[in-house]
Amino acid sequence: MGHQDETESWKARGHEDNREPTDDVGSHTSWLEKHPSALDGFEDMMMTSMAAAKGKKIVVLLDYDGTLSHIVPDPDQAFMTEAMRSAVDQVANCFPTAIISGRRRDKVYDFVKLDNLCYAGSHGLDISTPSASSKYSNHKHQSRTTDGKIKKALEEEIKGIEGAMIEDNTFCISVHYRCVKEEKVDNLKGTVESFMKAYDNFRISEGKKVMEIRPKIDWDKGRALQYLLDTPDFGSSSNDVIPVFIGDDKTDEDAFKAIKTIGRGIPIVVSSTPKETEASYSLRDPTEVMRFLLQLAKWMEEGSV
Ligand SMILES: O=P(O)(O)OC[C@H]1O[C@H](O[C@H]2O[C@H](CO)[C@@H](O)[C@H](O)[C@H]2O)[C@H](O)[C@@H](O)[C@@H]1O
C-alpha cells in the first residue's frame, strides 16, 4: 500500500488525520527548507551525520503517540499497525532502541509488544533497560501521583463535562479533551487548573488536546534520553553515540534540545504542518516514520555504517 493509500485508509476507518493547528511559522515550503524531510534527504542526512561523528554508533529513540501510532479519539485504541511493529522490530535488531512515552510504561509495552527494545514511561520518569532502571518510586512526589487520589478527585471535578477523560499514567495524569465540545474546552481547562492549584508539586503541560499533569521535578524526555545514553545498553556515554530521536509533540522538544546540547544526532519532528521546533529534520506522519525506520534498517544491513 502506498503512502497516500495508507493515509486514506486510516481516514476511511474513522481515524483522525495527524494534522494539528499550525503555528505561524511561514509556508510549508520554507519550513521544509529549515527542517528537511528525513526520507527525501536520507542519504545526505546520514552522510553528514556520520561524517561529523566518525566511529560512533547510532541509537534510536522513539515517541509513541502520533509517531508510531496515528492520533485517534480514544487513547485506548491507539494501536500501531503490524507493518509499523515489523519496522520497529527491524530497527531494534540493528540499533539499541527505546520508546520514551508520556504513557504508563506497561501500557506502551502492551501496544508495542516487542522485547528487543527498552521502554520509558510517564515522560521518562519510569525507565527500564536490561542493565538499569530508574523509577521515581521513592521520590517524595510519587505518593501523590500514584495513590489514585488526584485522579479520583479530578474525575469527580470534571464529571459534568461531556467527553472529558482522565488517563492514569502512573507518575503523570492526562486529562483528554479531544472529544469535548469546543465551547466547553476553556471551562475544562479552568477547572483542572484551579483544582491543581492545591497540588504545588505538580505542573501542567499541554499536549495534543491533552493536559499533562506531571510532577514538578527536573526531569523530562530530554533527561530521560540522556539517562538512557549513559546506560551500557546504549553505549555507556553520549560521547559514544549518534542519537536519532523521533517525536511529534511538545514534550518531545525536550529530547530535541538534549540532542542539540550533545551536539550530535538526528532530531526528527513528525508534523504535516509547519510548527516551531528544535528538530532539524521532519517526517509528515507515522506512515513516513515507518518508511524511515525501514530505510534506516536497510542502510545498516547494507553495511553503509
Ligand atoms: O509521549 P507520547 O507517547 O506521545 O504521549 C503523549 C500523550 O499521548 C496520548 O494522547 C495522545 O494520543 C491519543 C491517541 O491517539 C489521543 O486521543 C490524544 O488526544 C493525544 O493527546 C496519551 O493518551 C496521553 O496519555 C499521553 O500523555
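**Ligand shell and local backbone features**

Lys-113 is exposed, with a relative accessible area of 55%. Exposed here means over 50% relative accessible area, buried under 20%, and partly exposed in between (1.4 Å probe, protein chains only). The model is a predicted one: local features need pLDDT of at least 70, side-chain atom pairs count only at pLDDT 80 or more, and totals for chains, interfaces and linings use all residues. Residues are numbered from 1 along each chain as its sequence is written, and side-chain values use heavy atoms, with hydrogens and water left out.

Lys-113 sits in the loop between helix 5 (105–112) and strand 3. Helices (H or I, at least four residues) and strands (E, at least two) are DSSP runs, numbered from the N terminus. Lys-113 is not a glycine, yet its phi is positive, at about 55°. Most residues other than glycine have a negative phi. Lys-209 also has a positive phi, near 55°, and is likewise not glycine. Its loop joins strand 8 (202–207) and strand 9. Lys-209 counts as partly exposed, at 33% relative accessibility.

Strand 3 (residues 118–121) is covered on both faces. Cys-118 and Ala-120 are buried on one side, Tyr-119 and Gly-121 on the other. Strand 2 (residues 97–100) pairs with strand 3 in the parallel sense, over three bridges. Pairing requires at least two DSSP bridges between the strands. Ala-120 of strand 3 is the bridge partner of Ile-100. Phe-95 lies in the loop between helix 4 (82–94) and strand 2. Phe-95 is buried, with a relative accessible area of 3%. Its C-alpha atom is 9.2 Å from that of Leu-117, 22 residues away along the chain.

One distance is 3.1 Å, to an N or O atom in the side chain of Asp-65. Another is 2.8 Å, to a polar backbone atom of Gly-102. For the side chain of Asn-169, the distance to an N or O atom is 2.9 Å. Taken alone, the ligand exposes 570 Å², and the protein buries 99% of that. These areas come from the Shrake-Rupley method with a 1.4 Å probe.

Methods. A polar contact is a pair of N or O atoms within 3.5 Å; within protein, one must be able to donate a hydrogen and the other to accept it, and residues adjacent in sequence count only if both atoms are side-chain atoms.
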